[in-house]
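Here's a quick briefing on a predicted model.

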Amino acid sequence: MRKLFSIGLVRGILGQIVGTALGIGLLTGIRAAMGLGWKAEPAAVLGAFFGVFGFLIAVGAVSDWWKWAKGEDTLEAEEFKDPPGMGRYFGVSLDHKVIGIQYGITSLILLAFGGSFALIFRTELAASGMQFLTFDLFNSLVGMHGMVLIISILLGIAGMANYLVPLLIGAKDMAFPRLNAFGFWIAVPASLVLLSAILVGGFDTGWTAYPPLSLRAPLGMQMFFVGVFFNGWSSILGALNLIATIIRMRAKGMNMFRMPIFAWSVLATSLIALTATQLIGLSFQLVMFERLFGMPFFDATKGGNPILFQHLFWFYSHPAVYVFILPGLGIISELLPVFVRKPLFGYKWVAMSSMGIALTGFLVWGHHMFTAGIEDYLRVPFMYSTLLVAVPTGVKFFSWVATLWQGRIRFPVPMLFVLGGIVVFLLGGLTGPPSGTVSTDLHLHDTYFIVGHFHDTMFGGYIFPLFAAIYYWYPKITGRKLNETLGKLHFYLMTPAFLVMTLGQMRVGMLGMRRRIADYDPAQGFDTTQLIITIAGFLIALSVLFLFINLIRSAKHGEVAEGNIWESRSPEWAMLPSPAPMHNYDQDFQVVGDPYDYGLAGSRYTELVTQPVGDD
Amino acid sequence: MEKSLPGNARRVLIASANPLYGKGLEKLLSQQAGGQPIEIRLASTMSATLEALEQWNPTLVIVDYDDHTIDRAQFLNQFITGEGPMQVMLVSLKASGAAVVYDRRTLSSDQTQDWLHIPTSTQPPQVSDVPRRSESMKHFAIVAVLVAISTVLVDYLLRTIGLLPIEASTQATIIDRLFNTHFMVISFLFSLIVVFLVYSLIVFRRRGKETTEGQFFKSSTRLEVLWTIFPLAAVIYFSYLGSLSLAETRKVDPQALEVKVIGRQWSWTFEYPDFGITSDTLQLPVNRQVLLKMTSQDVIHSFWVPEFRVKQDLLPGENLVKELRITPTIIGSYKVRCAELCGKLHAYMESPVVVVSDADFQTWVDDQVKLLNADPATRGELAARQNGCFACHSIDGSKLVGPSWKSLFGSERKFTDGTSMVADEVYLKNSIIKPAAEVVAGFPAGVMPQTYADSLTDVKIADIIAFIKTLK
């Protein structure tokens, strides 16, 4: 029992249960004192808030800060001892690599949840007519699929960034290790609250939660809001930490233009996450208040405006898609030179294109509202800014192609996913402009075309690069390689299935299939395509299952990875054994060349600093 | 002139003042040698060249044709006086790597002239693909051709595969024109990237156990600027096209027919203020612009008829009435479907949209106006006519496909299964909404459509029954 209790996660969940009960009890008590009866919604919301705080206190994510507040000393972050073995992953650790893996595993669990939700409603859609789902459950699943996967992506990015950035830039850890741990642990209870939404009535609004529909939705809507709200904290704090780390903790000689390109993409992404996430929290909070306290922010009959919500919501949620894809594009740019044996073409331009996308990403949110009823002329500037995104994105594509040109290309599994990512993201990119010019969007808006376009950008910009990163860095994490055959099976099953799925979605969308409908008119003739899309969806799920099996199996039975298995110039491969040791580099290194000078004889990126570095 | 070089142990001398020229060729030659013994020397000055020619006696001399520090007359002199077999190859990078080979033993006087004077416009007679730049040009040429072919194919595919529903409005035609422009650009960019990518994967892959690195080049500011400026110009132009197209779809016709559209969970109502009509079907005259003024009674909905292309959300709130202009161009039946998630039955929020000729529209309006003031039986007669009942059911007692309605109400009906029943209101309603349940003896089963339960409102059914009751 005591042993069980020593596991942070167990303590945290107990803390969340106790906190939730406290919150519900407190509110009900206050209402009783005021002579009011039981009311589920306010009680549940306060319970959810208290539950999250209860988890954080119980898991120990705020203990050190509490001690500081009391004026007590704590251990330095480097002296912090993790429990041995697997135990360290289930409790608070300040090691960026442990936190990175914690993020990553949580992300994969949510990926499995979000994907399974899709499989359920995809089965429903395999034929016209209602097969086995109720309308309410269908709508809830659609909304959950969206938001759970968004959270999964955010955590996945945090995982990659946490694990890799300090290794890539030669830092011992992140700038603020405790904040880092807090950022991860707040995401756990927040995700639990989010998942609970489906158990307390779900919600029928999709992940966009537009009022007035979200004002009338069941209780699950509030759990959705609370879950997203706290996950937003995680995102903001993580971004802050990454920016500070990248700006301040690079190895000697590593000026900004000698950073591995992935660090640039993380920097760009973090700048967006740090400055935009507040807006989605705010917009959801306003709906929450309107529901709880009757404040009519979005009720037109009482002086509110439903369009206001959409502006606030998309001011985050559009840049958010760049949060999702920039690190993935960074992974592509990072891995491509290794497998092409050539420098990344136009490094500075690629780095700046990430910043360019981040910047223009803030100016385009209105394109989600072309049919929403915003002022007519307002649609035109948003069309210009939207298409402008194509310019920095184009720079990336052209640079990748130029990198491939006259290389000596090899095709291990990570490279396959990199190439798959480029092609799929290209499809996502090319289907953007028709949705970005207003008049064509009047047709495409809210159709399956958008669904297809969006899945192309997400898979090309995140899922494919994520899988590439997993196959590439898994040996660095575990010391063992993932199975190559299973990996190839994964790729060659997923890629065609995915292309069939999204091309099918775009086709039915253009022909008139609306988004988020539980049933469709057989007269429109979509049955066959829908069946094919469903089959393709299941094949994707099967292929990801291969990855999961591979991840678990290879941890014990994989081929041992010794040395610089990819012949990379990057310091984590060139200068560290696998698995990467605690506190990373025991000797500091300095940067003496450019990161991607493959094919330049005698050039080096890093070398050890010979003299011991004094305290500065 | 021989192309293959004699002898097993090849000795190659490269004469050029440009070190890159020598290094590049050296690398290329050693790769091409494929295991055969080869010795390569570089000479960067005239004197070093002559010396090597004299003492080392190479089998092949490669001379940089563009390099004027090499004195050709002197070199030629030395070359023709020698004894052993020797070839010289003149390679010009300025002429995209054009090369010409001369053999010491078969040298003609024409060739000597060619050699001494840089040809102004005529290409050297024999072109080989040895040097790097021409290799590179070859790759580009192949890719360019493939990109062009692929662009045409993809564009053709996108246009002919049937991606869009029929164009049933003026706005649809305008929008589809922009779609076609999009298809063209998409086809080109898709082909450009994918052909370059796939070509690289095939041609520049590592073969076997090869461990060589790729060509070392890091960036080209000219290229980067080029592929920033061109897309920038393209997207600005596209936005401009998009603006024009948007303006065109919104062109105002002062004669437009005004219709008020009301959305609610989960149905539509259409009001015609000019005529005082309210309908659950959107009836439109062909080739006349209709101005839809749209509002919602509860949550956000969206008006979309795919064949008309354009789409507009309906917002709750009296001050948030949104407008949409459509000019239907093809007579036919369509459906308006809600495109913004609006709760449980979102999927089923649809209503018929019927585009008719001017005359038919006027008839419809007249009928509707008449209906407003008419008694149920009159409305019923109209509904029966609008729904095509009289095609099969007479009102004068004559036998058509189905039983006549004359003296139907209150009569004894005999069915094909031998049972019978008195035709009361319940029976008549059931016969309309479930015509296959009981079939009157003497009439074929399964002829009457089974869709009236959906297409007729309860009021209309009651009206039709009231009309039947009057047919004594």
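The contact takes in 69 residues of chain A and 67 residues of chain B, where two residues touch if their C-beta atoms, placed from the backbone, lie within 7 Å. This is a predicted model, in which local features need pLDDT of at least 70 and side-chain atom pairs count only at pLDDT 80 or more, while totals for chains, interfaces and linings use all residues. Residues are numbered from 1 along each chain as its sequence is written, with chains lettered from A and ligands numbered from 1 in the order in which they are written.

**Where chain A touches chain B**
- Helix H14 (residues 390-404) of chain A gives the most to this side, with eight residues; helices here are DSSP runs of H or I with at least four residues, strands are runs of E with at least two, and both are numbered from the N terminus.
- By class, the side of chain A that touches chain B has 41 nonpolar, 16 polar and twelve charged residues (Ala, Val, Leu, Ile, Met, Phe, Trp, Tyr, Cys and Pro are nonpolar, Asp, Glu, Lys and Arg charged, and the others, Gly among them, polar).

**Chain A overall**
- Chain A has 21 helices and two strands.
- Its C-alpha atoms fill a box of roughly 75 × 60 × 45 Å, taken along the principal axes.
- Of the 616 residues of chain A, 59% are buried, meaning that 20 or more other C-beta atoms, placed from the backbone, lie within 10 Å of the residue's own.
- Among chain A contacts between residues at least 6 apart in sequence, 80% join residues at least 24 apart.

Methods:
Buried ≥ 20, exposed ≤ 12 C-beta atoms within 10 Å, placed from the backbone.
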